[in-house]
Structures are given as structure tokens and as C-alpha cells.
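Walk through the model below with the viewer open.

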Amino acid sequence: MRFCALLTVLLALSTALFAQSATTPSSSAMPELERFSIEQVDKSLDPCVDFFQYACRKWIKANPIPPDQGSWGTFDSLALWNIAAVHNTLEEAAQPSPNRTPVEQKVGDYYASCMNEDAINKAGIAPLQPELDRIARMKAKSQLPEVLASLHQIIRPANLSYIDAYYQGVVFGIYSQPGLDDASITLAILDQAGMALPGREFYLNDDAKSKEIRDKYVKHVARMLELSGEPQAQAAADSQTVLAMETELAKAAMDIVARRDPKNLNNKMSLQQIQALTPSFEWKRYFAATRAPSSPQYLVTAPSFFRGMETLIQSHSIEQWRAYLRWSAVNSVASSLSQPFVEEDFNFFGRTLAGTQQLPPRWRRCSVDADTDLGEAVGQAYVAKYFPPENKERMLQMVKAIKTALDQDIAAATWMSDATKQAAHAKLAAQVDKIGYPDRWRDYSSVEIRRDDFLGNVQRASAFEIRRRMAQFGQPTDRTEWGMTPPTVNAYEDPQHNTINFPAGILQPPFFDARASDAANFGAIGAVIGHEIIHGYDDQGRKFDGGGNLKDWWTAADAASYDQRDQCITDEYTQDVPEAGVKQNGKLSAGEDTADNGGVHIALAGLQNTLKSQGKSLDQPAANGETELQNFFLSYANVWCGDNRPELARTAVMTQGHSLNRYRVNNVMGNMPEFGHAFGCRAGQPMVHANACRVW
Ligand SMILES: [Zn+2]
């Protein structure tokens with residue numbers, strides 16, 4: 001199970017998240033934050049025909065996608081603001097001074113090592129050479145456990161808030177997670193991985209575009225192998241081997257939609273049972289080499305994948321395995337190597353898969369890397385400077401108002417029995433909200449950071465994180481742990497911790513604005529709060545109880561009613577994305593779409609209760625001339641104003657659970673009678689859905 005986040009950041013493209021000028025300022029001028037304003041609305045359009053255009057066309061026109069971005073929206077402007085803030089704290093911390101705290105020294109030296117591009121370019125592939133030598137020395141496939149254990153400990157582990165199709169472990173992934181049947185104890189998870197393209201469909205689909213991407217991929221692999229020192233002819237041959245082996249893994253991997261059902265992932269095994277799945281891979285040796293503690297049970301998410309791994313070991317020669325491992329090692333750290341590797345890596349993952357035209361400036365990439373590798377150290381300085389405590393207080397009030405609204409919504413539901421309602425109320429009461437940053441900061445004192453060794457720093461920080469996760473095997477689950485860093489512009493619900501989490505990074509305009517009206521805040525951050533709360537009750541979340549256990553608390557009749565409502569959403573969101581040449585899969589995005597629809601619904605109810613307590617109503621005009629209700633909907637849409645390049649839209653639709661922005665606005669509004677009321681829409685107009693869907 002992964003977290004249910006507000007949006008998916010494409011892992012391979014994450015350096016392209018932040019952008020703009022290519023200069024290297026010693027400190028960033030803080031960019032303007034995007035605040036919701038009625039001036040952005042295009043009054044020449046009819047809100048009842050296409051509300052997304054009505055609310056966003058002006059903004060999109062005035063804010064074209066920068067060349068070093070795959071997408072651009074009001075959301076990204078905040079990400080840019082946050083990374084400028086992080087950059088400023090890093091620049092300060094990077095100045096050698098006896099007054100630096102140990103935390104400042106660590107993040108400052110890390111940043112300085114990343115910014116030292118001359119040294120990185122001079123070193124070339126050398127910092128990775130010990131790992132490549134280890135692979136070259138591999139004489140028999142029986143040595144795979146030690147080689148993989150070594151690679152797994154120095155390669156940046158996936159952020160668990162990303163959708164699992166992006167999990168990029170070498171061959172397989174290993175991490176920790178609460179047990180599905182008993183969430184109070186954390187177990188070892190063995191997961192499918194080993195594919196560098198962002199999803200198994202990229203290997204298996206047969207359309208012209210997929211073939212074109214695979215052709216480019218093979219060329220990219222060959223170029224990277226050549227850069228790492230292989231002769232051209234060998235690199236060309238090896239790149240074909242890599243595609244063939246990754247395609248075998250893709251065939252064995254579980255489909256992304258099947259993975260949405262936690263029951264399919266709940267395969268508890270002993271070490272002996274895992275050994276029986278893969279007789280050619282000695283797990284005892286792998287775990288001994290990683291020095292991981294034993295786990296009471298092992299969750300094997302996709303046993304068929306591990307059978308496929310066994311076949312792959314048997315059917316490919318040691319030479320072929322060395323080629324695959326060499327590629328995997330180089331690919332995993334490419335963005336931390338010298339310029340030729342960085343550029344070739346960007347050429348494929350940035351240009352081909354996201355349509356991005358140019359690499360973001362180095363200082364921005366280094367700031368993102370520092371946030372990734374030492375996030376809770378970087379976050380301390382960020383929070384101290386940029387997160388006022390009063391923001392937390394107002395957030396808590398909004399969360400309370402919106403939870404009360406869901407409680408009322410559950411009580412009023414005509415399609416649930418009293419028994420199911422009672423369990424739903426209990427689950428909501430047990431849900432913990434976490435706002436801003438962790439109560440206890442992660443201690444990085446054991447991570448050695450050297451001012452002159454960037455790749456080494458990345459590898460040691462990665463090893464620290466992997467060992468931290470492995471140390472949790474068999475231990476009581478820690479619900480206070482955070483899965484996102486403080487400057488992150490995102491939010492998530494964790495069904496197994498039964499928590500909703502809002503990093504400080506999202507508690508800024510256009511989401512949260514201390515100066516804005518309640519209507520504007522409930523429409524923006526309120527809808528995000530609602531979205532995360534509802535994840536506990538979407539097609540995945542509803543399968544977990546208040547304690548985070550995979551336990552069915554629904555009567556059969558109520559579950560059937562749920563499925564019927566879910567189907568309406570699934571059908572509605574299955575639609576063509578003409579410019580990207582793909583179709584959205586409503587089955588893949590059902591959870592996110594349900595969270596969007598229910599989230600706006602309970603945020604609106606929360607606003608209504610809040611206004612009522614102030615003696616106001618939704619239909620009364622606000623200071624800007626629109627009614628409170630109109631402002632609520634416009635502020636919601638404003639958060640999603642933005643555009644994707646077609647390449648990124650295609651990759652996103654194929655691999656992630658979030659619908660494209662225009663559907664996140666128009667489908668939700670079209671399902672709400674309150675929207676038609678707010679803007680005087682008539683039956684038959686596009687924004688009034690004849691068959692309006694509603695789960696929550
Ligand atoms: Zn979500």
C-alpha cells in the first residue's frame with residue numbers, strides 16, 4: 001500500500017519539478033505567490049459550459065509552461081517558492097562558519113558538494129567505479145544476493161508517497177510497512193521493481209508511440225553504457241539485453257489496477273516460502289549481506305513477479321546479468337554524476353517522457369536533492385523561517401469543521417446501514433491529523449557528509465534511509481513518522497497509520513492564505529483536507545478499519561451500494577485525452593476521483609457550518625462581488641489552473657492515479673447541484689451532469 005497523495009510527482013522527472021531562470025544566484029529572490037483573485041476569471045466565457053476554462057484560461061495564457069518544466073500551474077508556482085526558500089537556507093548553511101549548528105553544517109556541506117560541478121565533472125564515473133567493479137567481478141549468478149544487497153544499500157530508495165509503478169529498486173524492491181492484517185507491527189515488504197521505464201505498460205503496449213519510446217529508450221541505455229566505459233558495439237548489444245530482461249520483469253509484474261486492491265498484495269510468507277518461489281536466489285545470503293533484522297513475516301506483494309525473477313535468473317547468462325546490473329547502477333545515480341550523464345539522463349526522462357525542453361538550473365536541482373536526501377534536516381530550517389505557528393491553529397479549526405461535516409454526511413447517508421455507519425464514525429474518530437512537520441526530527445548525525453564527495457553523500461544518505469526502514473522490521477509501527485518532507489507541496493492519507501498529513505509546504509497560497517476569506521480557504525486547502533479525509537473511505541481506504549488493519553467492516557448490502565456508486569465515478573472519468581493519444585482509466589483513478597468529489601462536498605459543508613456560526617450564508621455577496629459559494633468554487637478551480645505538455649500528460653495518464661486537472665475541476669463541479677445553483681446553470685448544459693455521481 002502506498003499513501004494516497006494529492007498529486008503524483010513523477011519520480012524519474014522529479015528534478016524537473018522546479019524551474020525558471022538558468023542563472024546561479026547566491027540566494028533566490030522569493031518569487032510571487034499565486035493568490036486567488038477574481039481578476040483571473042474570464043467573464044467572457046460561460047461558467048456552465050466549461051468551468052475550468054472560465055476559471056483558468058486567463059491564467060494559463062498568461063503563464064506558459066517554462067522550458068524546464070513538463071507542466072505548469074499555480075501549484076508549481078508554490079513549489080518554486082518553496083524551493084527558493086530551501087535554496088536560501090542551504091546557501092546560508094553552506095558558508096563555512098564556526099557558528100553553524102551540526103544540522104546546518106550537514107545540509108550546508110551536502111549542498112556545497114552538489115554545487116561543486118567542476119569536481120563532479122572531473123571525477124566522471126570514478127565515484128561509482130567500486131560498484132561497477134563489484135558487478136564486473138561477479139563470476140556466477142549465485143553471487144547475485146551479495147551484489148544486489150550492495151546496490152540496494154547505496155541507491156536512493158523510492159519515496160513511498162509515489163505510486164508504486166515508479167518503484168525503481170534493482171530487480172526487486174525492499175522496504176518496511178505495517179502488516180496488512182495487523183497494522184501495529186511493521187513488516188518487511190518484497191515488491192516488484194527493476195524496470196527503469198515508468199510502468200509495465202511501457203514495455204508491453206504495442207501502439208506506435210510505445211514502440212517509438214522503446215526505440216529511444218534502447219538508444220538511451222546504449223549511450224549511458226558507453227559513457228560508463230563500454231565500447232560502442234558492446235553497449236549497443238547490452239542495451240538490447242536490458243530491454244529484453246526488463247520486459248520479462250514487466251510481463252511477470254502485477255497490473256497497476258490489480259495492485260489497487262490491498263487484498264491482492266497481502267501475501268504473507270516465511271523466508272522458506274520465499275526461497276521456494278526463487279530457488280536460484282539465496283535469500284539468507286541477501287539478508288545477511290544487508291544485515292537486516294528478521295521480520296516475523298514477509299509480505300510478498302506479487303508472488304508471480306518473484307517467479308518471473310527466478311525464470312530471469314535461469315534463462316539469462318552471467319554476461320547478460322552483468323549488463324543489466326551495470327545499467328541499473330548507472331541509471332540509478334545518473335543525475336548525481338558528471339554533466340554527460342546528467343544530460344543524457346535528462347534527454348530521455350525529461351525530454352522524451354515529459355516533453356521538457358531544458359534542464360533546470362543546478363542550484364535548483366541541488367536544493368531538491370538536499371530535500372530528498374536529508375529532508376528532515378533541511379526541513380527544520382525551512383519550518384523555522386517560513387511556517388508561522390498561527391497557520392497551524394487555523395488549519396486545525398478547518399480540519400475539525402470538515403471532519404464534523406463528514407460525520408454529518410455519514411449520519412445522513414440513505415444507502416448505509418446503521419452498523420456500517422457506526423464503524424465509519426469510529427474510523428473517523430480514530431483518524432489522526434498531522435500538520436506542518438514531525439514532532440520529533442529524524443537524527444542524521446550518523447550520516448557522514450563530505451564537502452568534496454557528492455555521490456558518496458547521496459549513497460551514504462541512501463544507505464541511512466534503507467537501514468532506517470530495515471530496522472523497523474518486526475517493530476511496533478510508528479504512527480508519528482512522516483512520509484513527505486516539510487517543504488513538499490502535497491498532502492497524503494496513510495490508510496495503515498490512519499493519518500492525514502499536510503506538510504508545511506502546502507500551507508501557503510494558493511492553498512492556504514491567512515489574508516483570504518473562509519470561502520477561498522475552504523475551496524482550496526479545505527478541499528485538500530476533505531480529499532485526504534475521504535481517502536479513508538474510497539475504494540481502497542474503506543477496506544481498512546480505524547486501527548489501519550485490512551478488515552471488512554461493511555455489510556454485504558452496503559458494500560454493493562458502494563460499488564454501484566464507485567462504478568458511476570469510474571465510468572465518468574474514463575475518457576479520451578486527445579492531445580496525448582491515450583484514454584484515462586477510471587479504474588486506476590477511482591480512489592483519487594472519489595476523494596476529489598467527496599472532498600469538495602465535505603469542504604463545502606464545513607464552510608456552510610462555519611458561515612452559519614458567523615451569521616452569514618453561502619448566497620450572500622462577498623467583498624469581490626461574487627457570492628461566497630461562487631468564491632468557494634472559483635478558489636477550488638484556481639488551485640488546479642495549469643497545463644501539461646502532451647508527453648507528460650501521456651506518461652501521467654498511463655501510470656498514475658490522478659486525473660488531469662481539467663477533469664479534477666469539471667467532473668467534480670458537474671456532479672454537484674450546488675455548483676449549478678451558484679452559477680445559474682440549466683439542465684442540459686455541459687456543467688450539469690444528467691447522471692451526477694456521488695459516493696460521499
Ligand atoms: Zn489523493
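Are Trp 415 and Trp 554 buried or exposed? Both Trp 415 and Trp 554 are buried. Here, buried means under 20% relative accessible area, exposed means over 50%, and partly exposed lies in between, with a 1.4 Å probe and protein chains only.

This is a predicted model, in which local features need pLDDT of at least 70, side-chain atom pairs count only at pLDDT 80 or more, and totals for chains, interfaces and linings use all residues. Residues are numbered from 1 along each chain as its sequence is written, and side-chain values use heavy atoms, with hydrogens and water left out.

Start with the rings. A pair of aromatic rings is described by the distance of the centres and the angle of the planes. Rings of Phe, Tyr and Trp (its six-membered ring) pair if their centres lie within 6.5 Å; planes under 30 degrees apart count as stacked, over 60 as edge-to-face and the rest as tilted. A search of the whole structure finds 39 aromatic pairs. One of them joins Phe 281 and Trp 283 edge-to-face, at 4.8 Å centre to centre and 70° between the planes. Phe 281 counts as buried, at 0% relative accessibility. Trp 283 is buried too, with a relative accessible area of 0%. Trp 415 and Trp 554 form a stacked pair, with 6.3 Å centre to centre and 25° between the planes. This pair links distant parts of the chain, 139 residues apart. Trp 415 is in the loop between α18 (389-412) and α19 (418-430), while Trp 554 is in the loop between α21 (518-535) and α22 (556-573). Helices (H or I, at least four residues) and strands (E, at least two) are DSSP runs, numbered from the N terminus.

Phe 281 and Trp 283 also belong to one aromatic cluster, with Phe 172, Tyr 286, Phe 287, Tyr 298, Phe 305 and Phe 306.

Two rings carry a charge over the face. A charge sits over a ring if NZ of Lys or CZ of Arg is within 6 Å of the ring centre and within 35 degrees of the ring normal. Lys 427 lies over the face of Tyr 537, at 5.5 Å from the ring centre. The charged end of Arg 542 sits over the ring of Tyr 562, 4.7 Å from its centre.

Now turn to helix packing. Helix α3 (residues 102-115) packs against helix α20 (residues 454-470) at about 135°, with the axes 8 Å apart. Axes are lines fitted to C-alpha atoms, for helices over the stretch in contact, and angles run from 0 to 180 degrees between N-to-C directions. Angles under 35 degrees count as roughly parallel, over 145 as roughly antiparallel, 65 to 115 as roughly perpendicular and the rest as oblique. The helices α3 and α20 are therefore oblique to each other. From α3, the contact uses Tyr 110, Ser 113 and Cys 114; from α20, Phe 454, Asn 457 and Val 458. Contact means heavy atoms within 4.5 Å.

Helix α6 (residues 144-154) is largely enclosed by the rest of the structure, because 10 of its 11 residues are buried. Among the buried ones are Leu 144, Leu 148, His 152 and Gln 153. Their cover includes α5 (129-136), β3 (172-178), α12 (283-290), α13 (303-315), α14 (318-333) and α20.

Next come single residues. Asn 631 lies in helix α24 (residues 628-639). Asn 631 is buried, with a relative accessible area of 3%. Leaving out residues up to four places away in sequence, Asn 631 touches Phe 36, Ala 519, Ala 622, Asn 624 and Glu 626. Lys 58 sits in helix α1 (residues 51-62). Lys 58 is partly exposed, at 40% relative accessible area. The C-alpha atoms of Lys 58 and Gln 40 are separated by 5.9 Å, although these residues are 18 apart along the chain.

End with the backbone. The peptide bond from Pro 509 to Pro 510 is cis, with omega near 10°. Pro 510 lies in the loop between β9 (499-503) and α21. Val 171 is not a glycine, yet has a positive phi of about 65°. Val 171 is found in the loop between α6 and β3, and is buried at 0% relative accessible area. Arg 291, also not a glycine, has a positive phi of about 60°. Arg 291 is exposed, with a relative accessible area of 63%.
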